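My notes follow in the order I took them.

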Amino acid sequence: PLLQDLGITAVELMPVADFPGLRNWGYDGVALFAPAHSYGSPDDLRRFVDRAHQLGLAVHLDVVYNHFGPDGSYLAALEPQLFSDRHRSPWGKGINFDGPGSAIVRRFFIENALHWIHEYHVDGLGLDATHAISDESPRHFLAELAAEIRHSVRGLHGHAQLIAEDNRNLSIIASPAVAGGWDLDGVWSDDFHHQIRRCLAGDREGYFADFDGSTAGIAATLRQGWFYCGQDAGY
């Protein structure tokens with residue numbers, strides 16, 4: 001109710017997929033279809049979403065489809081083709097989205113997304129670090145995921161928003177399918193965050209060095225969606 005009073009219209013949950021132990025930020029999940037036992041039961045999550053909806057708040061859920069946590073991940077023992085022999089990620093072997101046996105791997109993650117939408121009635125998904133999803137197949141996994149979700153929710157929930165976290169500033173991610181895009185609803189604009197952080201806090205280390213936080217820089221980012229639209233960055 002306090003969030004509603006502030007005028008907030010949506011909340012976003014960090015990932016809730018189960019993990020070993022009691023505490024985790026959620027980005028090392030291993031049982032992707034199970035809400036973390038230390039947070040409560042599946043029905044507790046349903047009650048949370050229902051209460052938010054009663055207050056007029058949408059609920060978005062972060063999901064991680066680029067790696068599994070380092071502890072308790074036994075899925076590969078059941079599906080040896082889960083990991084790629086060609087791609088790597090910052091966390092080790094990449095997920096097999098484009099090699100032999102990848103069709104069932106892609107379906108696993110699509111079904112997981114549909115699970116959260118249909119079983120828990122979340123209104124959207126935040127897709128973690130999609131730049132770490134390596135896929136060289138003719139139809140990128142994210143495009144297939146978006147199409148499957150659009151088809152599945154048609155006539156039920158009406159729409160489920162899909163927002164990618166991606167540092168490549170690729171317009172194809174949020175371009176419509178009819179234009180050859182992947183048809184997601186949006187992409188987190190790190191450029192905007194970095195410009196504002198540089199302006200307000202003066203941070204200049206690492207990737208903040210590529211932004212000046214100026215009024216012109218912030219305006220360009222707002223106008224374009226990103227600040228970097230093809231020009232070189234110094235970092």
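How do the residues of the lining of the second largest pocket divide into nonpolar, polar and charged? I get seven nonpolar, two polar and one charged. My classes put Ala, Val, Leu, Ile, Met, Phe, Trp, Tyr, Cys and Pro as nonpolar, Asp, Glu, Lys and Arg as charged, and the others, Gly among them, as polar.

Basis of the entries: this is a predicted model, in which local features need pLDDT of at least 70 and side-chain atom pairs count only at pLDDT 80 or more, while totals for chains, interfaces and linings use all residues. Residues are numbered from 1 along each chain as its sequence is written, and side-chain values use heavy atoms, with hydrogens and water left out.

Second largest pocket. I read a volume of about 170 Å³. A pocket here is an open set of points on a 1 Å grid over the protein atoms alone, where a 1.4 Å probe fits, with protein on both sides within 12 Å along at least five of seven lines; lining residues have an atom within 4 Å of a point. The volume is the space filled by probe spheres set on the points, which are joined across faces, edges and corners. The lining includes Leu-13, Tyr-39, Asp-44, Leu-45 and Phe-48. Helix H2 gives the most to this lining, with three residues. Helices (H or I, at least four residues) and strands (E, at least two) are DSSP runs, numbered from the N terminus.

Sheet. I followed Leu-13 to its bridge partner in E4, Leu-61. Four bridges join E1 to E4 (residues 58-63), and the two run parallel. The open sheet has five strands in the order E1-E4-E7-E8-E9, with parallel pairing; pairing takes at least two DSSP bridges between two strands. E1 (10-13) and E9 (186-187) are the edge strands. H2 packs on the sheet, touching E1 and E4, and its direction makes about 140° with that of E4.

Helix pair. H2 (residues 42-54) and H4 (residues 102-120) pack at about 70°, with axes 10 Å apart. I therefore log them as roughly perpendicular, a label for 65 to 115 degrees. Axes are lines fitted to C-alpha atoms, for helices over the stretch in contact, and angles run from 0 to 180 degrees between N-to-C directions. Pro-42, Leu-45, Arg-46 and Val-49 in H2 meet Trp-116, Glu-119 and Tyr-120 in H4, where contact means heavy atoms within 4.5 Å. The contact residues divide into five nonpolar, no polar and two charged.

Largest pocket. I noted about 520 Å³. Among the 19 lining residues, those closest to the centre are Asn-167, Asp-190, Asp-191, His-194 and Tyr-207.

Notes
Angles under 35 degrees count as roughly parallel, over 145 as roughly antiparallel, 65 to 115 as roughly perpendicular and the rest as oblique.
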